[in-house]
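Okay, thanks everyone, I'll keep this short. Let me put the structure up, and then I'll talk you through it.

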Amino acid sequence: MSISHAPPDSQEPDISDISQQVNSPGNAVGSDATPDATATGLEPIVPASSRRTRVPRWLRRTTGPVLLLILWQLLSATGVLTPDVLASPGRIAQVAGDLIADGSLASAMTTSLQRVAGGLLLGTVIGTGLALVSGLFRVGEDIVDAPVQMLRTVPFVGLIPLFIIWFGIGEAPKIAIITLGVTFPLYLNVYAGIRGVDSQLIEAGESLGLSRWGLVRHVILPGALPGAMTGLRYSLGIAWLALVFAEQVNADSGIGFLMVQARDFLRTDVIVVCLIVYAFLGLLADFIVRTLERLLLQWRPTFTGR
Amino acid sequence: MATHLHRPVSPTAPEAAQTSSGPTGADRATEVTVTKEVTETTDASAAAPRPAHAVRVEGLTRSFDGRPVIDDLRLDVRPGEFVALLGRSGCGKSTLLRILAGLDRDIEGTVLVPRRKAVAFQAPRLMPWKKVWRNVLLGLPGKPARAVADQALEEVGLGHRSDAWPKTLSGGEAQRASLARALVREPDLLLLDEPFGALDALTRIKAQRLVGELWQRRGCAVLLVTHDVEEAVLLADRVLVMDEGVIAHEQEIDLDRPRDIADPRFAEIRGQLLERLGVATAAEAA
């Protein structure tokens, strides 16, 4: 990593070896015929690595959260933070262990995951389907785009009361609300992706003799894929949000139900455990999308996921 | 459409083509058939005698918002002929190429081109989501084997990049891949739209040499649209200068191949063409 122009294994560098000089400024220079750096008016360029602190980055980055946890535990232990405001980290870890042990957390997670999966699947099919219709056909655009743009301005959470009237209080309204939340970002991004495909590539495809279907398959759909992946990411984020809203209303199972129950008994420890679970599920979803992107968009040189 | 295929073509057409066509084209106005469609000949093997033309354009007009960019243009290209099309930017030379490629069909006049034609654009226009060899095979009928693509890539010296993503290619490599994609179609007419325009000087010289070699090996007709006079004189049998929507000047280049830029006759022809394009040569300026 030395910046010296001498070969790496040269014993006598033409200019004093930089790292050596940094480490031991006293004896590095002047031991042989090479002129003193300062005497010749030259200035050593110090390698960046020698100036770095010895503490690894991951350790420095974990320090903050750990300090926060310690502070939290201290506040709880001293009684400043009472359990009905916020349970202590130790207590939360214990409750989490209990919930995992008796299987209630696992079953709640399964129920919630099923809701998200159902809503996501439906929303993806509807959103992508509509986007294909309006992206690929001008007639489709005229018919589909305007109503979708109108509906998308309605906050989907506001539709919960209506959905309860329509679908009752079972699984249907929950999945419907997730579906609705997922549909619009996917529609918008897939549609924009289709319309944003480089017209030069389409022309090149035409000149190569591709049929209309060939153009769609080999040029337009792959070109719209980056947009679709962005849409999927947004959709996943919204899916979790929609899940939280949907599960707080008339649920008898799932993570949201655990939270509502805990609220009634002032169990802040259970609530925090549920929040952590939500966060982990969100992370998991993000990981899935990243993996999908890595598999499907490996042709993009800008993509540096590892 | 088929009636145009066996249409008798005047044997004197090549000679006639050497005289520069007048800007009005009034002398030919009577024989111009105004159709709103592109007419294509079937490929050479289908017609018993080899057609006398690889390209036949008569009375071609293309207007943008009522302003004609190509105005009653006439153009003939013999099979296997290398024609370079020069002109100032905006003179309609790229529009003409797009029309010949079948990409622009809002035209009036008769345009006859071979069924098997291929285009290489200024930008390589490779599909970034397909590996190089898949790009080469894209649009070919049936399910051609990868070996077909590899052979074409080998021909342009890119066999080792067959499995690469297009975005990892250098400019010169991408352009060669684009050329391989055109050649794999075994075209009777190869349309090149400033294919070397975006390349650096050294890569351009190599690419020009490659195109010259490929043309001599394949024997297809080539229409090269360029703004580089030297490139035109170096490669073409015939150089056309386009101006005001017509072919304003033609020049046969009868220099021996391979051509030498240092040849005084090369410089002479280059000077004449530059003058035609409205650029004074250094000798005149002095």
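So, this is a predicted model, and I'll begin with confidence. Chain B has a mean pLDDT of 81, with 80% of its residues at 70 or more. Where does pLDDT stay under 50 in chain B? That's residues 1-48, and for that stretch the model has 61 contacts beyond four places in sequence. For the complex, the predictor gives an ipTM of 0.76 and a pTM of 0.74.

Now, how do the two chains meet? On one side we have 16 residues of chain A, and they are in contact with 14 residues of chain B. Two helices of chain A, helix 9 (199-207) and helix 10 (212-247), each bring at least two residues to the side that touches chain B. Which helix gives the most there? Helix 9 of chain A does, with 7 residues. If you sort that side of chain A by class, you get 8 nonpolar, 6 polar and 2 charged residues.

Helix 5 makes the contact through Gly171(B), Gly172(B), Gln175(B) and Leu183(B), while helix 6 uses Thr203(B), Lys206(B), Ala207(B), Leu214(B) and Arg218(B). By class, that contact has 3 nonpolar, 4 polar and 2 charged residues.

That's it from me, happy to take questions.

Technical notes. Residues are numbered from 1 along each chain as its sequence is written. Chains are lettered from A and ligands numbered from 1 in the order in which they are written. This is a predicted model: local features need pLDDT of at least 70, side-chain atom pairs count only at pLDDT 80 or more; totals for chains, interfaces and linings use all residues. Two residues are in contact if their C-beta atoms, placed from the backbone, lie within 7 Å. Helices (H or I, at least four residues) and strands (E, at least two) are DSSP runs, numbered from the N terminus. Ala, Val, Leu, Ile, Met, Phe, Trp, Tyr, Cys and Pro count as nonpolar, Asp, Glu, Lys and Arg as charged, and the others, Gly among them, as polar. pLDDT is the predictor's confidence in each residue, from 0 to 100.
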